Amino acid sequence: MNVGILYSRIRKDEKLLLNELRERDHEITKIDVRKQQFNVHEPPAVFEDVDIVLDRCLATSRSLYVTRFCEAYGLPVVNGPETAETCADKVKNSLALASAGVPTPDTDVAFTTEAALESIERFGYPCVLKPVMGSWGRLMAKIETRSAAEAILEHKETLGHYEHKVFYIQEFVAKPDRDIRVLAADGEPIAAMARSSEHWLTNAAKGAETQPFEPDERALDLVERASDAVGGGLLGIDLMETEDGYTVHEVNHTVEFKALNEVVDRDVPAAVVDWLEGQVPVEVTP
């Protein structure tokens with residue numbers, strides 16, 4: 001198959017996938033989205049002969065638009081634009097999980113500092129304020145006091161971009177000093193790890209320690225249901241352990257897996273390519 005890789009920067013994750021694809025003698029078309037023009041009628045010539053497109057764009061804005069163009073051109077794309085749009089926006093992410101009955105942290109969205117403060121007071125301290133778009137744990141705040149809440153809300157209100165004026169407020173989940181990342185393909189786990197840190201944020205990008213994790217039946221069920229809720233595909237599903245089991249706080253659509261690959265016994269890029277090979281439509285000869 002000929003795999004089109006959408007990218008703006010080749011990271012270690014992409015290198016792992018490229019190496020695996022080359023070892024299997026698949027053709028690769030690297031598509032630097034910064035150098036292309038996407039016409040509403042005709043696809044760029046670079047897409048000619050591509051069988052499937054894999055979105056590895058670093059910037060969410062590029063990911064959302066280019067996957068939409070790929071769909072319009074009739075090209076299979078992983079992940080599709082609907083899944084990307086749902087996962088990229090924390091509000092849509094939370095709504096999809098809640099609508100599907102997947103346990104997820106209690107969340108309010110407010111549009112003024114006054115309304116946001118009311119939500120924060122209702123949740124009590126600590127609670128969490130997150131940007132509606134973003135990754136790697138950036139611009140997230142654990143709010144411990146009303147004075148801290150007032151200061152952070154004022155800063156966000158004056159930052160300028162309209163997204164900062166959408167206040168996404170979430171209960172603080174009293175979890176162990178770790179969370180769980182499961183890499184799944186259409187709800188089927190490929191591998192999982194626990195990310196541990198003394199800091200309340202346990203992202204690997206922020207230096208959390210990682211170790212293999214074996215999901216139990218309850219976790220496996222939630223992974224499948226969370227995947228279905230956002231439209232399926234190749235996803236990073238984040239869970240937190242609670243007294244009642246687990247809660248799913250986020251599903252990621254352009255998931256990084258280099259840290260996961262370093263701690264589990266399974267060959268993660270090989271498993272991803274195994275799944276990817278099954279996504280290419282098979283032509284039926286009459």
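Reply: The chain has 9 helices and 13 strands, where helices (H or I, at least four residues) and strands (E, at least two) are DSSP runs numbered from the N terminus. This is a predicted model, in which local features need pLDDT of at least 70 and side-chain atom pairs count only at pLDDT 80 or more, while totals for chains, interfaces and linings use all residues. Residues are numbered from 1 along each chain as its sequence is written, and side-chain values use heavy atoms, with hydrogens and water left out.

As to overall dimensions, the C-alpha atoms of the chain fill a box of roughly 65 × 40 × 35 Å along the principal axes. Of the 286 residues in the chain, 49% are buried, where buried means under 20% relative accessible area, exposed over 50% and partly exposed in between, with a 1.4 Å probe and protein chains only.

The sheet itself is open and consists of 5 strands in the order β11-β10-β9-β12-β13, with antiparallel pairing; two strands pair if DSSP finds at least two bridges between them. Because β11 (209-212) and β13 (245-252) stand at the edges with a single partner strand each, one side of each is left without a neighbour in the sheet. From one strand to the next the twist averages 30°, the axes being lines fitted to C-alpha atoms (for helices over the stretch in contact) and the angles running from 0 to 180 degrees between N-to-C directions.

Going through the pairings, strand β9 (residues 178-185) meets strand β10 (residues 188-196) in the antiparallel sense over 8 bridges, and Ala185 has Glu188 in β10 as its bridge partner. β9 is also joined to β12 by 6 bridges, again antiparallel, and here Ile180 stands opposite Leu239 in β12. Leu239 in turn has Val248 in β13 as a bridge partner, within an antiparallel pairing of β12 and β13 that extends over 7 bridges. β12 and β13 form a hairpin with 2 residues between them. Strand β12 (residues 234-242) has 8 of its 9 residues buried, so it is largely enclosed by the rest of the structure.

Phe38 is buried, with a relative accessible area of 18%, and Phe47 counts as buried at 4% relative accessibility. Ring pairs link Phe38, Phe47, Phe69 and Tyr73 into a cluster.

Conventions. Phe/Tyr/Trp six-rings, centres within 6.5 Å; stacked < 30°, edge-to-face > 60°.
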